[in-house]
2 protein chains.
Amino acid sequence: PDDRFRNEALERQAVLTKPPGSLGRLEEVAVELAGQQGSGRPSVDQVHIAIFAGDHGVCAEGISAFPQEVTGQMIANFAHGGAAISVMARHLDATLEVINLGTVTPVPDLQGVNQLQIAPGTANLAVEPAMTPHQVSAALQAGDDVAERAAAAGAQLFIGGDMGIGNTTTAAALACALLDASASDLAGPGTGLDAQGVSHKAEVIGRALTRHGDNRDPLAVLGSLGGLEIAALTGAILGCAARRIPVLVDGFIVSVAALVAVRQQPVARQWLHFSHRSGEPGHNRVLAAMEAQPLLDLGMRLGEGSGAAVALPLLRSACALHNDMASFAGAGVSNKEA
Amino acid sequence: PDDRFRNEALERQAVLTKPPGSLGRLEEVAVELAGQQGSGRPSVDQVHIAIFAGDHGVCAEGISAFPQEVTGQMIANFAHGGAAISVMARHLDATLEVINLGTVTPVPDLQGVNQLQIAPGTANLAVEPAMTPHQVSAALQAGDDVAERAAAAGAQLFIGGDMGIGNTTTAAALACALLDASASDLAGPGTGLDAQGVSHKAEVIGRALTRHGDNRDPLAVLGSLGGLEIAALTGAILGCAARRIPVLVDGFIVSVAALVAVRQQPVARQWLHFSHRSGEPGHNRVLAAMEAQPLLDLGMRLGEGSGAAVALPLLRSACALHNDMASFAGAGVSNKEA
């Protein structure tokens, strides 16, 4: 981010016709975007949304309330426009692309879906490394390719989303390893487990952590305990940060991908905005590790980038207010008494 | 609200392609709007925003960080499009009208401003009743007239905003009387008082409460301790509820007007959505008294309806998701395993 534009934006906020600070977090958002975009008129009109999908071998352990074929079915739902993120992308006039990193059953060709099929899902992380080094590289590259396309299209903001039955188990395992947390701290209900299901999920994650051992290298952790779509999200976040594109981070899954990215490349943190606090309980620890204060706390826990999409209008409002409000001098309004 | 449409909306939420409940508060918003609008396709595309302005005699006690002429200057800023709410109304494609209930110095004619000048501001509530019964009636009627215009224009949602230097003192006094709270519980910094200023403000409110005595009748309290713009907001909220128009309540000032309305007419509560938790500390008590859980908590404390305007896109997203998402059956997606 460019401190000159950031400081100019701070000065501008101080002279707009409102008590200083009275727009709260919206002032910070506008100031950060001005620095990130190197612009006196920050804008997030042009938004690129990418949904990364992949299957998880750990589903063999019975850790999800939904059957695994839903990953592929939802890819079709994204393409046909019926999923939450599809609706939101239209509603927000954002571009949407879907990248299938690899499903258990290959998904037929669909318009708007990039079929990579790096692997037929990951291996079961409870018993063996989820991905090979080659698979990790390919998924990271797929994310970087998306960042490159977003940059080429002139995106002013990037939103990544996830789809993968079982991926709250994967994300919790990753977060445990990176944060030195216990499985029971970070295992949650995901798409709808009951207490017994959550307890079983924690036990599965605990086995994975024991198998994995002490290696804290972010990419080693990602390969051992991650998912194809999470690795691609990490690649996309690193790729956006490298290309100076701000990222609006979604919920639990994307935040874990962001955590891997920030551990790998700390400067990436400066390009991240956090959209919402998920209903998935493990999210709090992950956010705290990045000193992130999300804008929304609405009990959402859908994934797909939906929480980020719902938060996007807050960034747009912050920009509109910053760019278009009158100053005290311009409007002939008396300022606060000294 | 119409329970049939409310229940149909609940049933629809349960079959959309997402884990049940995973859209969190957005599901509740869509369901409530469906019941309020009596529609299977709730919508808040057509929004009417009205800003009510008035001056406060209690400014004689030195309780604001800004000089009193700012009320009139900001009315001009609203009309000229430079205020936060003006920017937001354009950004949201909402209609905006401004009603000047009465300023110390009359404001010249301005396009889009309805000049009522019921009184040259209120009397000083610390030493005498703020308004006469006639003034209270006229201000309530002005609010009802706005609700009538909103209904005639086909508004699907109403947002009221406030402008009045000194009105956090007035609102805190009203809330203290209605909630049996002490002045120090509800006095806050407003537009920017320091600790000494807040302490002085609490002392002024305490004097007003002593003068006012024990009368808890909502309209009597409103006349004794209220403001012209707050009374008009109360009238607008009651008028919208009577005309079955949902209201998106802004921050501290509008919430106090809503509290007066709900104490006067408890059924009005069923038409209220709460947009944000203000940075003004007294807001918490007022919200709790109405069992209100606002959607946003961004530290905003500007007034003008700006917090409601910033929250409006959340309602619009809730409607888009409710109306346009595919069902499990329609999209061929497997539902949660029983």
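**View 1. Surroundings of B:F158 in the predicted model**. Leaving aside residues up to four places away in sequence, B:F158 touches B:H48, B:A50, B:F52, B:V146, B:A236, B:C240, B:I245, B:P246, B:V247 and B:L248, where contact means heavy atoms within 4.5 Å. This is a predicted model, in which local features need pLDDT of at least 70 and side-chain atom pairs count only at pLDDT 80 or more, while totals for chains, interfaces and linings use all residues. Residues are numbered from 1 along each chain as its sequence is written, chains are lettered from A in the order in which they are written, and side-chain values use heavy atoms, with hydrogens and water left out.

**View 2. The largest nonpolar core**. Of its 249 residues, those that touch the most other members are A:L26, A:F52, A:F158, A:L225, B:L26, B:F52 and B:F158; such a core is a set of buried (under 20% relative accessible area, 1.4 Å probe, protein chains only) Ala, Val, Leu, Ile, Met, Phe, Trp, Tyr and Cys residues joined through side-chain atoms within 4.5 Å.

**View 3. The contact between chain A and chain B**. Chain A contributes 53 residues and chain B 53 residues, and the two chains bury about 4,300 Å² between them, 66% of it on carbon and sulfur atoms, as accessible area (1.4 Å probe) lost on being put together, summed over both. In chain A, the residues losing the most area to chain B are A:F66, A:L298 and A:K336, together 13% of what that side buries.

Terms used
Buried means under 20% relative accessible area, exposed over 50%, partly exposed in between (1.4 Å probe, protein chains only).
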